[in-house]
Amino acid sequence: MKRVLVVAAHPDDELLGVGGTAARHASQGDEVMSVIMCEGESLRYKKDMGQKTAISQAGEILGVKEIRQIGFPDQRLDTVTLTEIITPLEKISDEFKPNIVYCQYGGDINMDHQLLFQAANVAFRPLDGWIEDVYAFYTASSTEWGFPRTFTPDTWIDITDTLEKKIEAFLSYHSEVRAYPHPRSAKALEHAAHFWGNQCSMEAAEAFMTVRSVKR
């Protein structure tokens with residue numbers, strides 16, 4: 001059994017890039033925890049959109065054992081120091097002792113994603129014996145708009161058997177679902193999974209960049 005940690009900036013980010021992989025880990029008996037850094041509502045909606053409920057529902061569908069909501073303000077990670085972002089991640093690492101960490105890619109257009117990656121790269125450096133692999137994931141409607149376009153995957157994980165769970169979990173976020181052909185629509189996410197999977201002769205996959213891999 002592996003301990004798997006998914007670190008995302010906003011509610012639904014944890015599904016867009018790694019939802020199928022998280023469900024696969026859970027189905028194989030791994031212990032999965034999700035960490036969501038920002039509350040996701042105050043800037044865009046300025047009211048309660050039910051995201052806390054959606055986070056729990058989505059996690060239950062995927063088989064996530066525990067979810068930590070840190071509560072930083074939406075789209076405002078640049079208003080706090082990097083140390084303030086690193087500190088809760090280091091605390092979670094000490095408590096959970098993850099073997100595998102998935103975090104958002106540092107080249108995304110979204111500043112929160114960029115800063116979260118910087119913090120995670122510090123918090124999950126391999127100074128302790130439990131961290132084996134750290135991966136950066138692709139976030140639909142964010143990674144593709146980063147410039148220069150530098151997301152070059154080196155790892156593909158088959159989510160053929162968990163793609164339906166990923167889509168079902170994503171649909172829990174009523175405030176985030178858009179109509180096709182928006183990249184944050186259910187149909188577009190299915191297409192993206194087939195696109196990544198077909199690169200390696202799989203039906204569906206999620207793609208990642210290896211940040212580091214430590215073999216002891």
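Which residue forms a salt bridge with Arg 125, and how far apart are the closest N and O atoms? Glu 90 is the partner, and the closest N and O atoms are 3.6 Å apart. The close-up views below come from a predicted model, in which local features need pLDDT of at least 70, side-chain atom pairs count only at pLDDT 80 or more, and totals for chains, interfaces and linings use all residues. Residues are numbered from 1 along each chain as its sequence is written, and side-chain values use heavy atoms, with hydrogens and water left out.

**View 1. The salt bridge of Arg 125 with Glu 90.** A salt bridge is a side-chain nitrogen of Lys or Arg within 4 Å of a carboxyl oxygen of Asp or Glu. Arg 125 lies in the loop between helix H5 (111-123) and strand E5 (133-137), and Glu 90 in helix H4 (residues 82-96), so the pair ties together parts that are 35 residues apart in sequence. Helices (H or I, at least four residues) and strands (E, at least two) are DSSP runs, numbered from the N terminus. Arg 125 is partly exposed, with a relative accessible area of 34%, and Glu 90 counts as partly exposed at 30%. Buried means under 20% relative accessible area, exposed over 50%, and partly exposed in between (1.4 Å probe, protein chains only).

**View 2. The salt bridge of Asp 12 with Arg 184.** The closest N and O atoms of this pair are 3.9 Å apart. The pair links distant parts of the chain, 172 residues apart: Asp 12 is in the loop between strand E1 (3-8) and helix H1 (13-16), and Arg 184 in the loop between H6 and H7. Asp 12 is buried, with a relative accessible area of 3%; Arg 184 is also buried, at 11%. The structure holds eight salt bridges.

**View 3. The salt bridge of Lys 166 with Glu 206.** Here the closest N and O atoms are 2.8 Å apart. Lys 166 lies in helix H6 and Glu 206 in strand E7, so the pair ties together parts that are 40 residues apart in sequence. Both Lys 166 and Glu 206 are buried.

**View 4. Helix H3 against helix H6.** The axes of H3 (residues 51-62) and H6 (residues 163-170) come within 8 Å and cross at roughly 170°. The two helices are therefore roughly antiparallel to each other (angles under 35 degrees count as roughly parallel, over 145 as roughly antiparallel, 65 to 115 as roughly perpendicular and the rest as oblique). Axes are lines fitted to C-alpha atoms, for helices over the stretch in contact, and angles run from 0 to 180 degrees between N-to-C directions. Ala 58, Ile 61 and Leu 62 of H3 make the contact with Lys 165, Lys 166, Glu 168 and Ala 169 of H6, where contact means heavy atoms within 4.5 Å.

View 5. Tyr 102 is buried, with a relative accessible area of 2%. Leaving aside neighbours within four places in sequence, the contacts of Tyr 102 include Val 4, Val 18, His 25, Phe 137, Ile 157 and Phe 208. The side chains of Tyr 102 and His 25 make a polar contact (2.8 Å). Such a contact is a pair of N or O atoms within 3.5 Å; within protein, one must be able to donate a hydrogen and the other to accept it, and residues adjacent in sequence count only if both atoms are side-chain atoms.
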